[in-house]
Amino acid sequence: MSHFVNLSPEQSKNAYHSIYKNALRKKRDADTLVKYSNSYDSANSLLILGYEELIKAIVVFLHGEGFNAYKIKNFQKIFYDHSFRHTVAKIFEMINGVSDSFLRYQTIEKSNENFNEDSTVNAFANMFVDIKESAKPMAETTLRNELIENFNVNKNKGFYTDYREDLQISSEQITEEIYNETLEIVERLFRFYKMLMIQFHPNAKNHGAILKYVIEKDTARNFFNIVVGFLVALENINKES
């Protein structure tokens with residue numbers, strides 16, 4: 001029987017977009033629930049379900065583009081283990097954070113303070129100030145990854161009424177604040193997906209301004225596959241020893 005994990009890269013190219021559309025539909029359904037009924041609990045659960053689908057869409061897309069993600073140990077869990085998807089999501093969030101920090105460094109006004117009479121000391125001090133300023137998105141990413149840790153629990157809380165010492169009512173457990181935090185994380189992944197689509201589009205060169213600081217797809221693919229090959233080789237060595 002064929003499953004996503006058995007599909008060839010060519011077959012995956014025809015599958016990822018349907019997964020994406022399902023993810024987008026769940027996000028739109030969540031928007032509707034909030035807009036017309038203020039149902040933040042159910043909407044939050046739908047957002048997380050859409051988020052999980054989008055993670056799957058990205059992985060299937062990368063497989064279709066020649067990234068050897070499926071060779072990573074236990075990576076097939078992406079298709080049936082919700083918690084594993086959240087683990088992968090945290091990796092994507094880290095990539096987002098690094099990218100945001102890099103772009104911030106490129107665009108901020110560089111520090112030019114006189115901290116010391118020595119010009120070399122000044123240069124290093126100003127560089128440190130710039131790096132510290134640029135690292136703010138990474139700090140925010142750490143906080144978002146802590147929120148992702150709770151996604152599976154919050155998804156269930158949004159759908160079900162439970163009893164733990166007292167009655168756990170979904171509408172009281174999942175507040176508007178929690179929904180908004182989830183929405184921010186989900187929208188970041190949708191932007192990540194759109195950047196991938198632009199980067200790997202045949203006419204990507206027409207988006208030069210957007211992709212100015214993005215690693216070229218062939219370089220990214222080759223680097224990724226080298227790392228995966230190293231991990232697989234290391235795993236085989238451990239099995240033999």
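Me: Leaving aside neighbours within four places in sequence, which residues is Arg85 in contact with?

Reply: This is a predicted model. In it, Arg85 is in contact with Glu52, Glu53, Ile55, Lys56, Ile78, Phe79 and Tyr80, leaving aside neighbours within four places in sequence. Arg85 itself is in helix H4, residues 82-107.

Me: What makes you say that Arg85 has no salt bridge?

Reply: The distance decides. A salt bridge needs a side-chain nitrogen of Lys or Arg within 4 Å of a carboxyl oxygen of Asp or Glu. For Arg85, the nearest side chain of opposite charge is Glu53, at 4.2 Å.

Me: Which backbone oxygen does the side chain of Arg85 reach?

Reply: The backbone oxygen of Ile78, at 2.6 Å. A polar contact needs N or O atoms within 3.5 Å, so this distance meets that limit.

Me: Why is the pair of Glu187 and Lys27 called a salt bridge?

Reply: The closest N and O atoms of Glu187 and Lys27 are 3.9 Å apart. The limit is 4 Å, so the pair counts.

Me: How do you know whether Lys27 and Glu187 are buried or partly exposed?

Reply: Buried means under 20% relative accessible area. Lys27 has 13%, so Lys27 is buried. Glu187 has 31%, which lies between the 20% and 50% limits, so Glu187 is partly exposed.

Me: What makes Lys155 and Glu52 a salt bridge?

Reply: Their side chains meet at 2.9 Å, N to O. That is within 4 Å, so the pair qualifies. Lys155 lies in helix H7 (residues 151-159) and Glu52 in helix H3, so parts 103 residues apart in sequence are tied together.

Me: Why are Lys155 and Glu52 called buried?

Reply: The cut-off is under 20%. Lys155 has a relative accessible area of 6%, so Lys155 is buried. Glu52 has 1%, so Glu52 is buried too. Glu52 is also one of the residues in contact with Arg85.

Me: How do you know that Glu184 and Arg144 form a salt bridge?

Reply: The N to O distance is 3.2 Å. The rule asks for 4 Å or less, so the pair passes. The pair links distant parts of the chain: Glu184 in helix H9 and Arg144 in helix H6 (residues 136-148), 40 residues apart. Salt bridges that share partners join Glu93, Arg144, Glu184 and Arg188 into one network.

Me: What is the phi of Asn38, and where is Asn38 found?

Reply: Phi of Asn38 is near 55 degrees, a positive value in a residue other than glycine. Most residues other than glycine have a negative phi. Asn38 is found in the loop between helix H2 (16-37) and helix H3 (40-64).

Me: Why is Asn38 called exposed?

Reply: Exposed means over 50%. Asn38 has 51% relative accessibility, so Asn38 counts as exposed.

Me: What makes Phe115 partly exposed?

Reply: Phe115 has 47% relative accessibility, between the 20% and 50% limits, so Phe115 counts as partly exposed. Phe115 is found in the loop between H4 and helix H5 (119-134). With Phe128 and Val129, Phe115 makes a nonpolar surface patch of about 310 Å².

Me: Which residues does Lys13 touch, not counting those up to four places away in sequence?

Reply: Lys13 touches Gly64 and Glu65. Lys13 and His63 are 50 residues apart in sequence and 8.3 Å apart in space, C-alpha to C-alpha. Lys13 is found in the loop between helix H1 (9-12) and H2.

Me: How many helices and strands are there in the protein chain?

Reply: Ten helices and two strands. Buried residues make up 37% of the 241 residues.

Methods:
Residues numbered from 1 in each chain as written. Predicted model: local features only at pLDDT ≥ 70, side-chain atom pairs only at ≥ 80, totals over all residues. Heavy atoms only, no water. Helix = DSSP H or I, 4+ residues; strand = E, 2+ residues; numbered from the N terminus. Buried < 20%, exposed > 50% of the residue type's maximum accessible area, 1.4 Å probe, protein only. Lys, Arg positive; Asp, Glu negative; His and termini not counted. Polar contact = N/O pair within 3.5 Å; in protein donor to acceptor, adjacent residues only side chain to side chain. Contact = heavy atoms within 4.5 Å. Patch = residues over 30% accessible without salt bridge, like charges linked within 9 Å, V, L, I, M, F, W, Y side chains within 5 Å. Areas by Shrake-Rupley, 256 points an atom, 1.4 Å probe, with all protein chains shown as cover.
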